[in-house]
Structure formats: C-alpha cells, structure tokens
Amino acid sequence: MRGERRNTLDGAGHMTRDFLLRDVESDDLPIFFEFNADPEACRMAAFTAKDPTDREAFAAHWTRILADATVIIKTIVRDGQVVGSVLSYEEEDRPEVSYWIGREHWGQGIATRALTAFLAEENTVRPMLARVAKDNLGSIRVLEKCGFKVTDGCMGFANVRGEEIEELVYELVADAGDGMQSRSCADCG
Ligand SMILES: CC(C)(COP(=O)(O)OP(=O)(O)OC[C@H]1O[C@@H](n2cnc3c(N)ncnc32)[C@H](O)[C@@H]1OP(=O)(O)O)[C@@H](O)C(=O)NCCC(=O)NCCS
C-alpha cells in the first residue's frame, strides 16, 4: 500500500471533499484499464501502449510505475468516484506530467482541476514538461489553462495510429517572466 487516503481542503480550493487526488489503490487499476483501453481516448492520446487492450502488459506497466520512486501518481476522485489519473515521471532527469480521464467524465473541467492540484501540491518542481499529440486539442487546452507554453515539436511514432505524427513539447516554468530557457526535444536531436 502506498500511503493513506487523503482528503485535503486547501486555501486555493484545489482539493475539496468532493474532489481530491489520492494514492492509487489496487481497486483503481481495473477502472484505469477500461479508461486506457477506450479507442477514442487512445486515438486522441496517440502515444499509448502498443496494444491498450492487453491486460498483462497493462498490469506489468502499472506494477513498474507504482514501484518507481521517481514517479508520482495519483488517482482523481470526484464525488467518491474514480474518474482518472494524473502523474509525473522523469525523462532525462526532468519531470513530465501526463493525465487520463475516463471518457464518460470528459468536458467537466476534471483534467484542468486535477492538473492544477497536482502542480500545486504533488509536484512543484519546475520546469515541468508535457508532451502531446499536435491534434490533441483537449489536452493542449488543459496544458495552456495550467500555464504551459509550447517550446518545441518533433515527430514520434504513435502506436495506436500506426504512423509518425507530430508531437508538441510544452513547458511550465516557475515564473513565466524569469527568462528560463527551454531545452530542445531530445528525440529530435
Ligand atoms: C484530454 C483530456 C485529458 C481532457 O480532459 P477533460 O476533463 O475533458 O478536460 P477539461 O474538461 O478540463 O477541459 C479543459 C479545456 O479543454 C477543452 N477540451 C476538452 N476536450 C476537448 C476536445 N476534445 N477538443 C477541444 N477542446 C477540448 C474544454 O472545452 C476546456 O476548455 P475551456 O475551459 O476553454 O472550455 C481527456 O479528453 C482525456 O483524458 N483524453 C484521453 C487521454 C489523453 O489524451 N491524455 C492526455 C495525453 S497528452
């Protein structure tokens, strides 16, 4: 077990009794599997597992990331219901965020609220990066609403689409006015 359930009510109202991020519990995993296997969600996210319907590969991946001390991963709970996940992981020693909301919960501000809370309370390291398919307009909007700016782009192979597509790199800096430099997309050299 990775810690106790939390129920935080902070001054900024990021997390409330109706909306919170908590540690992942084993019962969440079958729910995440269904969310992650949804064809429309996979098409949107593009950079997914090779076969999102492969339960064994899903279980192996989640066992690995839950055991990885450099991965911060939270279950998003709204009104007592698991609605998605939000996480950060290290890529070349720099943190990147990712998130996934169950399709039936889209369009209700959940990703924006979850990412805002995650960045405020779970991982405050900056700069924070995010990668997104160029045509994933929902995810791009979420990042921009949370203060991320596009810094780079490159081509990447999207498993579920079976083709190379354009990926954008977004970055959130500590203070947008502090002149920090963004780095180049490593995949593009
Ligand atoms: C992308 C995703 C996270 C958005 O989650 P969500 O909870 O529906 O997002 P929100 O409700 O917080 O919406 C935030 C903004 O994005 C817009 N938006 C959401 N989905 C959109 C879409 N498909 N197309 C265009 N805009 C969209 C909303 O209108 C809102 O903008 P507004 O406040 O200006 O009206 C969700 O669709 C998802 O999990 N998709 C599959 C996995 C994925 O793509 N993860 C990200 C990988 S980089």
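**Exercise 1. Sort the residues of the shell around the ligand into nonpolar, polar and charged.**

Solution. In this predicted model, the shell divides into 12 nonpolar residues, 8 polar ones and 1 charged one.

**Exercise 2. Find which residues come nearest to the ligand, and which elements supply the shell.**

Solution. Finally, pick out the largest share, which belongs to H5 with 5 residues.

**Exercise 3. Decide whether Ile72 is buried, partly exposed or exposed, and describe its surroundings.**

Solution. First locate Ile72: strand S2, residues 72–78, contains it. Then take the count of other C-beta atoms within 10 Å, which is 19 for Ile72. Being buried takes 20 or more, and being exposed takes 12 or fewer, so Ile72 is partly exposed. Now set aside neighbours within four places in sequence: Ile72 is in contact with Leu87, Ser88, Glu122 and Asn123. Take Glu122 as one of these: 50 residues separate it from Ile72 along the chain, yet the two C-alpha atoms are 7.5 Å apart.

**Exercise 4. Work out how confident the prediction is, and where the pLDDT falls below 50.**

Solution. Begin with the whole protein chain: its mean pLDDT is 89, and 86% of its residues reach 70 or more. Then turn to residues 1–11, where the pLDDT is below 50; this stretch has 16 contacts in the model beyond near neighbours in sequence. Residues 177–189 also have pLDDT below 50, with 15 such contacts.

Notes:
Residues numbered from 1 in each chain as written. Predicted model: local features only at pLDDT ≥ 70, side-chain atom pairs only at ≥ 80, totals over all residues. Near = placed C-beta within 6 Å. Helix = DSSP H or I, 4+ residues; strand = E, 2+ residues; numbered from the N terminus. Nonpolar A, V, L, I, M, F, W, Y, C, P; charged D, E, K, R; others polar. pLDDT = per-residue confidence, 0-100. Contact = placed C-beta atoms within 7 Å.
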